[in-house]
Structure formats: C-alpha cells, structure tokens
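Trainee: I would like to learn how to read a structure like this one. Please show me the chain, and then I will ask about its features in turn.

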Amino acid sequence: TWHLKKIPQIVSERTFSLDSPKFEAKTKLELNSVCGIECQRKLPVPSLSDLKDLLSYETVFENGTRTLTEVNVLGLVLDPAGNTTTRRSSRQKRQIYGTDSRFSIYDKRFMTNFPFNTAVKISTGCSGILISPKHVLTAAHCLHNGKDYVKGSKRLRVGLMKTKSRGDGRKRKGAKRNGMPSFQWTRVKSTHIPKGWFKGVSGDIALDYDYAVLELKRPHKRKYMELGISPTIKMMPGSMIHFSGFDNDRSGQLVYRFCSISDESNDLFYQYCDAEPGSTGSGVYLRLKEPNKKKWKRKIIAVYSGHQWVDVNGEQQDYNVAVRITPLKYAQICFWIHGNDENCTQG
C-alpha cells in the first residue's frame, strides 16, 4: 500500500541573479569515482543548515539567464541513523547483467498509452518522465557535469512519443512495420537543479542529488506519472522496480525493464536492472494499492542515475543506481511543479 507521509515544507527565501553559464561541458552518461555504497556509510548525517544549502537550487532559463534560490526547510525531523545501507544480495558485474532482460516496446497501443507514454527523450541523449502537464523529471548529470552546464542544454528540448495517423502520407518508410516511435519535440522554458549536485557544495559529485526538473514551454495533454515517496525495499512487492527509457544500443526504441533492488541507502537504490546509456534519467516506478481503496496506482519513486563506477577500497567497481524520492526531495520537486508548498503537504 502507498503510505501517506507528512511532508516537510521547502519554502523560498531569496533569489539571486547569477552569471549566464558557459554551456561548455561535455555530456557524460557514465560517471566515475562517485561516492558508492561503502563511502555512503561513512558520510555524516546532514544538519538542517547543510540540507538548506543542498536543497537550494539553480534555475536556468531558455534565454541563458540563471538564478540561485535559497530555501528554508520547515517541519523536518532529522533521522539520527545516518546513511545506513541494507544489503540483499552479492554484487554482480557489467551494465547488462547476465541474460539481457530488457523488453523493446513495439506495439503502438502500448507505446502511446499509460504508463509507457510518460517516458520522454531529452535532447542531450538521456531519458525523462512526465510528472505534470508542463514538467519532466530527469537526472541532473544529463544537463550539468558538476562544474558547468553541458553544451546541448543551452537549447534543450524534450521529445514526447507520438504515432502518426493513418491518413498521414508523410509517414516514414517502414515506420509501421518496425514500430519505431517518432517524437514531437518541445522547447524547455526553464531547468531546476539542486545545489547539492554542484561540486562547490560537496567537494565531489553527490549522486544523492542527481535529479533535475524541466519546465516545458507548452503544456501537453497526455497522462503523466505522479510522484510518490520511495518506500524501503521491505515494503515493495518482490522488491521489484520498473522503468522505461531510450537505451542507446536500441536506437529509436522504447525499452522497458523490471528487476529487484540489491542494496539501499537513505538516498539511493543500488540495483542490477539491465540498462545502457540513454536510459539515464528514466523515472523508476512502483505499482501499489491506494490507502483504503482496492485501486492500484503507479507512482515514481526514484530517478535512474545510470551505470556508475565508484572507488571501493581503492578499486573501481560498478553498479546501476537510482536516486530515491525521499520526503525532502518530494517536497522540493512538488514545490518546483506548483510554485508553492500548499499542494505538497501529503506524499
């Protein structure tokens, strides 16, 4: 069951203008030497002032201007347990772990219907997911490398899947046969990234804050996926997660997968879902029962951050990681969507 939680409030305190970004960073879909499982265990619990700093955020507008908004966090109860991790099974290797268990969605009846039609393509080479009529959730590193915004993010666009009608004589040759999706591209009006992603705060890239929200220039009319608070592994049916994205090795195809989670920390899921670059930024979701109802509902509980290499006891090791939507992150993303905290009290 989805458990309702009281959400802390994120409120805007001050907004400053910053210099326009250079937009010179290279898009990097695989990160190296980030804080991994063992490193996470050693991290101190962030204080309230740390969290206010980490959750302050940059906004970049389509004309290249940039602002920094400082926030306050109200109604938060700090967890003294720190960055505990729960281990479930032994680590494996490689991005495709064992037998490739991904499904390419060819049938347009599925591709253009919920939940698959909530998956979008980001023009920098990543995936994302629709979370409102005007907003898309994706990974921060699809837009920013920790120091500067990536080249392609200056004129950022989002591709929504569409199928051409039968009467459209311009249909691509073979499009009907192979079921490849075509995209309706929409310009991005503004981009929000939490300050916790930037190296200036943490001294290194912190995967905990590898998420961003894009506001589209025009609203769409299709069904979107609601946000949910990420439950612990124990509270998931079969500890299974699902996500769909546009993996680079299956060009033009929507690729769906589901798998179980191996480890979790307060902010991250470590898992071995089969995935390739391009699916980074996909919305990870669960299907649980609504409280006091017989209805089932899918909600996004994490953002797929991709295949990462980390230092473990001086050696580089790999895993696939997703950034959990905690009550604090829910409050922040909800604030970005609505512009106030009144609609964000219950997660």
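Trainee: Which residue stands opposite Leu 68 in β4?

Mentor: Before that, two remarks on the source. This is a predicted model, in which local features need pLDDT of at least 70 and side-chain atom pairs count only at pLDDT 80 or more, while totals for chains, interfaces and linings use all residues. Residues are numbered from 1 along each chain as its sequence is written, and side-chain values use heavy atoms, with hydrogens and water left out. Now the strands: two of them pair if DSSP finds at least two bridges between them. Helices (H or I, at least four residues) and strands (E, at least two) are DSSP runs, numbered from the N terminus. The residue opposite Leu 68 in β4 is Phe 16.

Trainee: How many bridges join β1 to β4?

Mentor: Nine bridges join strand β1 (residues 9-18) to β4, and the two run antiparallel. Strand β3 (residues 57-61) is also antiparallel to β4, with four bridges.

Trainee: Is β4 mostly covered or mostly open?

Mentor: Buried means under 20% relative accessible area, exposed over 50%, and partly exposed in between (1.4 Å probe, protein chains only). Strand β4 (residues 66-74) is mostly covered, with seven of its nine residues buried. For the protein chain, buried residues make up 54% of the 347 residues.

Trainee: How should I read a positive phi?

Mentor: Most residues other than glycine have a negative phi. In the hairpin of β3 and β4, which has four residues between the strands, Gly 64 takes a positive phi near 90°. Phe 23 is a residue other than glycine, and its phi is also positive, near 55°.

Trainee: Where is Phe 23 placed?

Mentor: Phe 23 is in the loop between β1 and β2 (31-34). Because its relative accessibility is 8%, Phe 23 counts as buried.

Trainee: How many salt bridges does a search of the whole structure find?

Mentor: A salt bridge is a side-chain nitrogen of Lys or Arg within 4 Å of a carboxyl oxygen of Asp or Glu. The search finds ten. One of them joins Glu 62 and Lys 217, whose closest N and O atoms are 3.4 Å apart. Glu 62 lies in the loop between β3 and β4 and Lys 217 in the loop between β12 (212-216) and β13 (226-227), so the pair ties together parts that are 155 residues apart in sequence. Glu 62 counts as partly exposed at 30% relative accessibility, as does Lys 217 at 42%.

Trainee: Which residue does Lys 134 meet in a salt bridge?

Mentor: Its partner is Glu 215, at 3.4 Å from N to O. Lys 134 lies in the loop between β8 (127-130) and β9 (135-138) and Glu 215 in strand β12, so this pair ties together parts that are 81 residues apart in sequence. Lys 134 is partly exposed at 28% relative accessibility, whereas Glu 215 is buried at 15%. A network of salt bridges links Lys 134, Lys 189 and Glu 215.

Trainee: Are Lys 329 and Asp 267 buried or exposed?

Mentor: Lys 329 and Asp 267 are both buried. They form a salt bridge, with the closest N and O atoms 2.7 Å apart.

Trainee: What does the side chain of His 135 make a polar contact with?

Mentor: A polar contact is a pair of N or O atoms within 3.5 Å; within protein, one must be able to donate a hydrogen and the other to accept it, and residues adjacent in sequence count only if both atoms are side-chain atoms. For His 135 the partner is the side chain of Ser 132, at 2.7 Å. His 135 lies in strand β9 and counts as buried at 5% relative accessibility.
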